[in-house]
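Morning, everyone. I have one structure to walk through today, and I'll keep it short. Have a look at it first.

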Amino acid sequence: MKKIFSVIFISFILILSACSSQKSGTPIEDFNFTDQDGKPFGLEDLKGKVWVSDFVFTNCTTVCPPMTMNMAELQEKVKEMGLEDVHFVSFTVDPEIDTPEVLKQYGQSFGADFSTWHFLTGYSQEEIEDYVPKNFKTIVKKPRDDDQVIHGITFYLFNKDGEIIGDYPGDKEVPFKQIIKDIKAAL
């Protein structure tokens with residue numbers, strides 16, 4: 001019974017987060033975390049750049065592998081089109097497990113180009129559970145009795161001013177053409 005309730009609750013949260021939409025030009029709070037190389041990386045490093053972000057964790061058994069595969073495909077499409085200086089940021093929602101080394105292996109397994117794709121950690125579970133709802137209007141919650149973190153499945157597009165200007169489904173039926181069109185408009 002507990003497992004059924006968990007599945008229903010997670011499904012409800014994912015549906016709600018998929019239906020939420022950001023207003024164009026929504027700024028986010030400054031952050032300074034740690035990337036897959038163990039180096040500091042923050043909003044200041046993205047200043048003047050167009051970027052796409054999402055939320056994943058490395059031992060996810062459901063939505064994260066397809067999301068990361070889709071982000072890798074988006075990164076490849078952007079490179080093929082010659083769109084320079086577009087960055088990608090994946091925030092872990094399980095920072096106690098996802099060390100820089102673990103994130104680097106995870107990114108490598110999906111063919112991530114780390115010159116423009118940053119996997120971030122270096123914060124507590126409480127910090128990410130507080131930061132994400134305030135800035136991305138979606139949930140992050142690690143249940144006490146489960147290793148699968150509840151989180152949104154959206155890709156967020158940012159303009160050069162660090163403002164969210166678009167959000168898109170990240171797990172399936174990703175609108176690659178629309179995202180690339182919006183990236184071009186933001187460059």
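One definition before we start. Rings of Phe, Tyr and Trp, the last by its six-membered ring, count as a pair if their centres lie within 6.5 Å. By that rule, ring pairs link Phe31, Phe33, Trp51, Phe55, Phe91, Tyr123, Tyr131, Phe136, Tyr156 and Phe158 into a cluster. Keep that cluster in mind. Note also that this is a predicted model.

Now the overall picture. The protein chain has five helices and ten strands. Of its 187 residues, 49% are buried. Take contacts between residues at least 6 apart in sequence: 71% of them join residues at least 24 apart. The accessible surface is about 9400 Å², and carbon and sulfur atoms account for 55% of that.

Next, the sheet. It is open, with six strands in the order β1-β10-β9-β4-β5-β6, and the pairing is mixed. At the edges sit β1, residues 26-27, and β6, residues 117-120; each pairs on one side only. Strand β4, residues 50-56, runs antiparallel to β9, residues 154-158, and three bridges join the two. Ser53, for instance, has Tyr156 in β9 as its bridge partner.

Which helices lie across β4? One is α2, residues 64-80, running at about 165° to β4. It also lies across β5, β6 and β9. Another is α4, residues 125-136, at about 135° to β4, and lying across β5, β9 and β10 as well.

Let's stay with α4. At 1.5 Å a residue, its twelve residues should span 16 Å, and the end C-alpha atoms are 16 Å apart, so the two agree. Its buried residues are Gln125, Ile128, Glu129, Tyr131, Val132, Asn135 and Phe136. Why that spacing? An α-helix has 3.6 residues a turn, so residues three or four places apart point the same way. The buried residues of α4 pack against β4, β5, β7, β9 and β10. After the helix comes Lys137, with a positive phi near 55°.

Back to the rings. How many aromatic pairs does the structure hold? The count is 19. Phe91 and Phe136 are both buried. Trp117 and Phe119, by contrast, are stacked, at 4.8 Å centre to centre with 25° between the planes. Trp117 and Phe119 are buried too.

That's my tour. Over to you.

Definitions and conventions: Residues numbered from 1 in each chain as written. Predicted model: local features only at pLDDT ≥ 70, side-chain atom pairs only at ≥ 80, totals over all residues. Heavy atoms only, no water. Pairing = 2+ DSSP bridges. Helix = DSSP H or I, 4+ residues; strand = E, 2+ residues; numbered from the N terminus. Contact = heavy atoms within 4.5 Å. Axes fitted to C-alpha atoms, helices over the stretch in contact; angles between N-to-C directions. Buried < 20%, exposed > 50% of the residue type's maximum accessible area, 1.4 Å probe, protein only. Areas by Shrake-Rupley, 256 points an atom, 1.4 Å probe, with all protein chains shown as cover. Expected span 1.5 Å × (residues − 1). Phe/Tyr/Trp six-rings, centres within 6.5 Å; stacked < 30°, edge-to-face > 60°.
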